[in-house]
Amino acid sequence: MDSFEFNKIAGAVLGSILFVMTIGILASMFYHTEEANPLAYPVAEAETGGETGGGTVVEEVPFATLLAQADVGRGERASRKCTACHTFEEGGPARIGPNLYAMIGAPHAHMAGFAYSAAMQAKSNEPWTFEELDHFIENPRGYLPGTIMSFAGIRNAQERADLIVYMNTLGSNKPLPEAPAAPAEEAPANGGEEAPAAE
């Protein structure tokens, strides 16, 4: 292979590299990538309600039963989703959101000096109940339109119950709602009549 042929191959390779680099520079000029917002939250997947794939109806568990089954340890782990915006310790400072210590039973706009939304201030005379907190955590903007809370919500009902029971241990200590009684056992198959006693 003579030097002229080698120069043509080398020129083609260098030209290709130069072309690829030029395209990369031009692309970076037109398309800018931004770092993810550290305060953003992933959108929770919507749970399938009503029926399962097999057509079986899923029975909804009463909220009071979920609270009775709740686990404080799981709730503390779930609260880590909230720590970017809230503190939980007594006397803790506000962040993007207010401190959440002793929140259950306290008024909606419970932290003095915090700039609550007008929607939250409108409910400032109402206390946070277990049920209110459950609905709010599930879908803050859907339950309280106008709230400035940007959290997408927690769709899993048991996870919400775990979190609420954990929050209740932080200075509130309110009695949990009484869980409904378990359904009575079915009547005997012979129409409800007991079998005659043996003589």
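## Talking through α5, α7 and their neighbours

Mentor: In this predicted model, α5 passes α7 in a right-handed crossing.

Trainee: Why are α5 and α7 called oblique to each other?

Mentor: Check the angle: α5 and α7 pack at about 130°, with their axes 10 Å apart. Roughly perpendicular ends at 115 degrees and roughly antiparallel starts over 145, so α5 and α7 come out as oblique.

Trainee: Which residues in α5 and α7 meet?

Mentor: From α5 you get Phe-130, Leu-133, Asp-134, Ile-137 and Glu-138, and they meet Arg-160, Leu-163, Ile-164, Met-167 and Asn-168 in α7. Sorted by kind, the residues of this contact are six nonpolar, one polar and three charged.

Trainee: Which residues touch the most other members of the largest nonpolar core?

Mentor: That core has 29 residues, and the ones touching the most other members are Leu-67, Phe-88, Leu-133, Leu-163, Ile-164 and Met-167. As for helices, α7 gives the most to this core, with six residues.

Trainee: What makes Ala-102 partly exposed?

Mentor: Its relative accessible area is 26%. Buried needs under 20% and exposed needs over 50%, so Ala-102 lands in between, as partly exposed. You'll find Ala-102 in the loop between α3 and α4.

Trainee: What is the phi of Asn-173?

Mentor: Near 50°, a positive value in a residue other than glycine. Most residues other than glycine have a negative phi.

Methods: Residues numbered from 1 in each chain as written. Predicted model: local features only at pLDDT ≥ 70, side-chain atom pairs only at ≥ 80, totals over all residues. Heavy atoms only, no water. Core = buried A, V, L, I, M, F, W, Y, C linked by side-chain atoms within 4.5 Å. Buried < 20%, exposed > 50% of the residue type's maximum accessible area, 1.4 Å probe, protein only. Helix = DSSP H or I, 4+ residues; strand = E, 2+ residues; numbered from the N terminus. Axes fitted to C-alpha atoms, helices over the stretch in contact; angles between N-to-C directions. Parallel < 35°, antiparallel > 145°, perpendicular 65-115°, else oblique. Left-handed = near helix turned anticlockwise from the far one by under 90°. Contact = heavy atoms within 4.5 Å. Nonpolar A, V, L, I, M, F, W, Y, C, P; charged D, E, K, R; others polar.
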